[in-house]
Amino acid sequence: MLLSLGGVRFEVGAASYDQLRRADRWRWSAHARIGRAEAIQFTGREAATIDLDGTLYPGQMGNPGQIGGDARALDRLRALADAGRPLDLVAGTGAVLGLWVIVSIEDAQGPFFADGLSRRHRFSLRLRHYGDDRR
C-alpha cells in the first residue's frame with residue numbers, strides 16, 4: 001500500500017498514482033513604510049497540499065476499497081469529498097499523516113472502446129491538510 005485516504009487504499013500494481021507532490025508554504029505579510037522599503041513579518045504556516053496524479057485502466061481490477069482499474073474508484077473518492085469531512089491519511093509505512101480534505105478531483109478519459117467505455121482514465125487529486133483540530 002502506498003497511501004490510505006479515509007479507508008480507500010492506493011496500491012502498487014493497481015494503477016494507483018504515478019506522482020505525488022507536496023507543497024508547504026509560509027505567510028509573510030508586507031507592511032508599507034514611509035520613505036523606506038516595506039517591512040515583512042512572518043505570520044505563520046499555510047495548510048500543506050498534496051497532489052496525486054495517476055492513471056486507471058478499466059481492465060486492471062483492484063481489490064474492493066482500493067484504487068484500481070475500476071472506473072468507480074473516482075466516484076468513491078467524489079463521495080468522500082461530498083461528505084465534507086476530514087479524512088485520515090496514512091502512508092504505506094504506517095506513518096499517520098493527519099487529517100486531510102479532498103479539495104478537487106479532475107479526470108480525463110480516452111481513448112475509447114467501441115462500446116463507449118474509456119480505455120484509460122487519467123486523474124488528479126488535490127488534498128489539503130485539515131489542521132490540528134479534531135473533527
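Predicted model: local features only at pLDDT ≥ 70, side-chain atom pairs only at ≥ 80, totals over all residues.
Which residue in the turn of the hairpin formed by strand 4 and strand 5 has a positive phi? The residue is Gly35, with a phi of about 75°, and two residues lie between the two strands.

Residues are numbered from 1 along each chain as its sequence is written, and side-chain values use heavy atoms, with hydrogens and water left out.

Taken as a whole, the protein chain has one helix and ten strands, which run β-β-β-β-β-β-β-α-β-β-β from the N terminus on. Of its 135 residues, 33% count as buried, a term that stands for under 20% relative accessible area, with exposed meaning over 50% and partly exposed lying in between (1.4 Å probe, protein chains only). Among contacts with a separation of 6 or more, 58% come from residues 24 or more positions apart, a contact being heavy atoms within 4.5 Å.

The largest nonpolar core holds 22 residues, of which Leu5, Phe10, Leu77, Ile102, Leu125 and Leu127 touch the most other members. Such a core is a set of buried Ala, Val, Leu, Ile, Met, Phe, Trp, Tyr and Cys residues joined through side-chain atoms within 4.5 Å. At least two of its residues come from each of strands 1, 2, 6, 8, 9 and 10 and from helix 1, and helix 1 supplies the largest share, four residues. Within helix 1, Ala73, Leu74, Leu77 and Leu80 are buried. Because the buried residues of helix 1 fall within an arc of 115° when seen down its axis, they line one face of the helix; the arc is that of the directions from the helix axis to the C-beta atoms. After helix 1 comes Gly84, whose phi is positive, near 70°.

Leaving aside neighbours within four places in sequence, the contacts of Leu125 include Leu5, Phe10, Leu77 and Ile102, and also Asp51. Asp51 has its place in strand 6 and is buried, with a relative accessible area of 11%. The side chain of Asp51 makes a polar contact with the side chain of Arg126 at 2.6 Å, where the term denotes a pair of N or O atoms within 3.5 Å; within protein, one must be able to donate a hydrogen and the other to accept it, and residues adjacent in sequence count only if both atoms are side-chain atoms.

Three bridges join strand 8 to strand 1 in the antiparallel sense, with Ser4 of strand 1 having Val90 as its bridge partner. Ser4 is buried at a relative accessible area of 14%. Strand 8 is also antiparallel to strand 9, again over three bridges, and Asp88 has Leu99 as its partner in strand 9. These two strands form a hairpin with four residues between them, and Gly94 in the turn has a positive phi of about 100°.

Terms used: Pairing = 2+ DSSP bridges.
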